[in-house]
Amino acid sequence: MSAFTIASIPREELLAPGHRMCQGCGAAIVMRHLLKALGKDIIIAHATGCVEVTTSLYPETAWRVPWIHVAFENAAAVASGIEAAVKALKRKGLMNPEKKVKVVAIGGDGGTVDIGLQALSGMLERGHNVLYVLYDNEAYMNTGIQRSGATPLYAWTTTTPAGKVWRGEWRRKKDIVGIVRAHGIPYVATVNFAYISDFYVKLRKASEIEGPTFIHAYAPCVPGWRYEPHLTVKIAKLAVQTGIWVNYEIDRGSFRVTTPVPKRLPVEEYLKTQGRFAHLMKEEVELIQKLVDEDVDYINKLAGSVVVGPVERK
Amino acid sequence: MGKVMPLSGNYAVAYAVKAVDVDVVAAYPITPQTAVVEKLAEFVANGELDAEFLHVESEHSALSAVVGASAAGARVFTATSAQGLLLMYEIMHIASSSRLPIVMGIATRAISAPINIWCDHSDFMAASDTGWIMFMALNAQEAHDLIIAAYRIAEDPRVSIPVAIGYDGFVVSHTLEPVDVIEKEEALEYAPKRVSRPTLDPDRPVTMGSLASPDWYFEFRVQLQDAIENSRETISEALREFKRRFGREYREVDDFYTDDADVVIVSMGSTTGTALVFIEEARRSGMKLGLLNIRLFRPFPEVEVVKYLENAKAVAVIDRAVNAGSSFVGPLYSDVVVSAFKKSLDIPIVNYVTGLGGRAVVKSHIEFIAKHAYSLVGKKMREVKKHYSFIGVRE
């Protein structure tokens, strides 16, 4: 699988054109490649959110695979039920036991780290054979950019505005991967589509492993992060190059950084691309840098060597 | 015929679920429903029922999981009470509007606060606007039988609506009664598994749970209203066929002595039994009382109800729930009054709320209600000063 190249990306589009996601939408890129990576033999249970509303406007649909949306907080529970049904129907001879079906749950950050956290925990703990994909655009974008538990420090949102007293979000992003891995599931990974081969390899691995698996996908949001649509992939790349986002996997307990970054760029390079950080003062940027440095130290400790290097000033 | 066993209402429900060979069970424990789930777990653990049993982390997830399983083509079951039902409330609407043939048992119980685990109909009534077909069983046998009938009704392609079977918490759920248990073969002959709906299948991809704009949402909701209205015939047919096969007759409503009754008492659930005992005694002392038991609550059997109230001079509706601040107070009362008004029945129809939070409903309460309603005979509805009262409450 390490021989995966861009040429290996399937031609077939399972996300139909004509959906209503924004120009430059990070989540749209995640969905398109997620479907190409996983193929047709899947059933998707989708939480309420940006992608759900923009892809399923009746009487049209962008989904060329079986797809169900029920509510905001229960994608993991719905997926659990689908997986149980497939298992029971196969065992009882009511469905061809040879039939290939992988159940995939998809939720945004609000639907996963906030309102859907309980259902997610239940699904992971019960050991369902479900791949859960979190597309993280770091706020409630569908309702108009309200902060979620996944909003990063100092980010402007409509409910954490930068004013005379508030300086944007004042709490740190929730460590959802830490919470998920605490369930002892066989596979957890972070993905960033700016590193597309890594994205494909991980999605396919997560899909092939029997049992609950979890993918945390980085998904920039043009209107929510306040940048021009053509910058999506550039910003995604900067996230990795600055160490704000680290591509790694925990495969049956073994931790590995899959995109080593020998020399990091300062976080400022990332922050300055987005209007949500436009109000930041020097000291605030410095604090974010310090916290990212600490996170990188922790990652390197887990990796057992320096896979994400020090900041190199230009 | 199956064999007669001493079963509680909860166990009677579990035996019915086993008989119809469900594929997926998802449930969360709550008093007084818990024993259903325990018994089902035992059946699965012993290999008596081949089903996936989901130990979900909440009732919200219980109903969500069976929604997913039903959408994938499985025959499913869940059960709950009180707070659990309220936690499911959001998904109940989605289940009905998604037209999924889910069957649920509700061991009825009071709603917090104060927290109270005992019987009333607050939970059942709170679900009355969710678009589900709803029955209230009088006893364990009925709970058993109606669960089996529920699968036949829900999975009928003309219906395709979820069905809830209520049965009074503790009074029915925990009381042992002799129950004629229907065997799997007979149950499946009567209620064969029918998957006529589209399902989640990679070979035939469908999109379920779309976003519907103002251009389309209205039509979805109207279709549900039409479907539940049109389900009446299928329900009657299923109950007639049940009688033909198993010998036990269940109608939408049961009438007792209504032909010549001056006062008809309308009740639902275990109160009906208490009322019937009193009425039979009162009849011997010359009080011309009748009784109407509401078995089918949604769709509300208004034609049948009015038919048995037409000759009455006063009607007493007993509720075990309160819709505080409404124009009607008791939810069952509102359905009876509207049904009567539509047929221009201008007689006093009065509401008596009793038995909240498990307070026992006893014969003397029924006697008080009957006598009070009798005092209204000869009046018209607009001459009634007070349309509701609480019976059995501290002054």
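Q: In which relative orientation are α1(B) and α2(B) to be read?

A: α1(B) and α2(B) are oblique to each other, because helix α1 (residues 9-19) of chain B and helix α2 (residues 34-45) of chain B pack at about 40 degrees. The general idea is that a packed pair of helices is described by two quantities, the angle between the axes and the distance between them. For this pair the distance between the axes is 8 Å, and α1(B) passes α2(B) in a right-handed crossing. The model under discussion is predicted.

Q: Which residues make the contact of α1(B) with α2(B)?

A: From α1(B), the contributors are B:N10, B:Y11, B:V13, B:A14, B:Y15, B:V17 and B:K18. From α2(B), they are B:A35, B:V36, B:K39, B:L40 and B:F43. Sorted by class, this contact holds nine nonpolar residues, one polar residue and two charged residues.

Q: Which residues of α3(B) and α4(B) meet?

A: On the α3(B) side, B:E59, B:H60, B:A62, B:L63, B:S64 and B:V67 take part. Their counterparts in α4(B) are B:G84, B:L87, B:M88, B:E90, B:I91, B:M92 and B:A95. By class, the residues of this contact comprise eight nonpolar, three polar and two charged.

Q: How many disulfides are there over all chains?

A: A disulfide covalently joins the sulfur atoms of two cysteines. A pair of sulfur atoms must lie within 2.5 Å to qualify, and the count over all chains is zero. A:C25 is in no disulfide, as its nearest cysteine sulfur, that of A:C22, is 6.0 Å away. For A:C221, the closest cysteine sulfur is in A:C50, at 6.1 Å, too far for a bond.

Q: Are A:C25 and A:C221 buried or exposed?

A: Burial is assigned under 20% relative accessible area. A:C25, at 14% relative accessibility, is therefore buried, and A:C221, at 11%, is buried too.

Q: Where is B:R248 placed, and what does B:R248 touch?

A: B:R248 lies in the loop between α8 (217-246) and β10 (253-256) of chain B. With a relative accessibility of 16%, B:R248 counts as buried. Leaving aside residues up to four places away in sequence, B:R248 touches B:Q141, B:D145, B:D180, B:I182, B:F242 and B:K243. The C-alpha atoms of B:R248 and B:E142 are separated by 9.0 Å, although these residues are 106 residues apart along the chain.

Methods:
Residues numbered from 1 in each chain as written. Chains lettered and ligands numbered in written order. Predicted model: local features only at pLDDT ≥ 70, side-chain atom pairs only at ≥ 80, totals over all residues. Heavy atoms only, no water. Contact = heavy atoms within 4.5 Å. Helix = DSSP H or I, 4+ residues; strand = E, 2+ residues; numbered from the N terminus. Nonpolar A, V, L, I, M, F, W, Y, C, P; charged D, E, K, R; others polar. Buried < 20%, exposed > 50% of the residue type's maximum accessible area, 1.4 Å probe, protein only. Axes fitted to C-alpha atoms, helices over the stretch in contact; angles between N-to-C directions. Parallel < 35°, antiparallel > 145°, perpendicular 65-115°, else oblique. Left-handed = near helix turned anticlockwise from the far one by under 90°.
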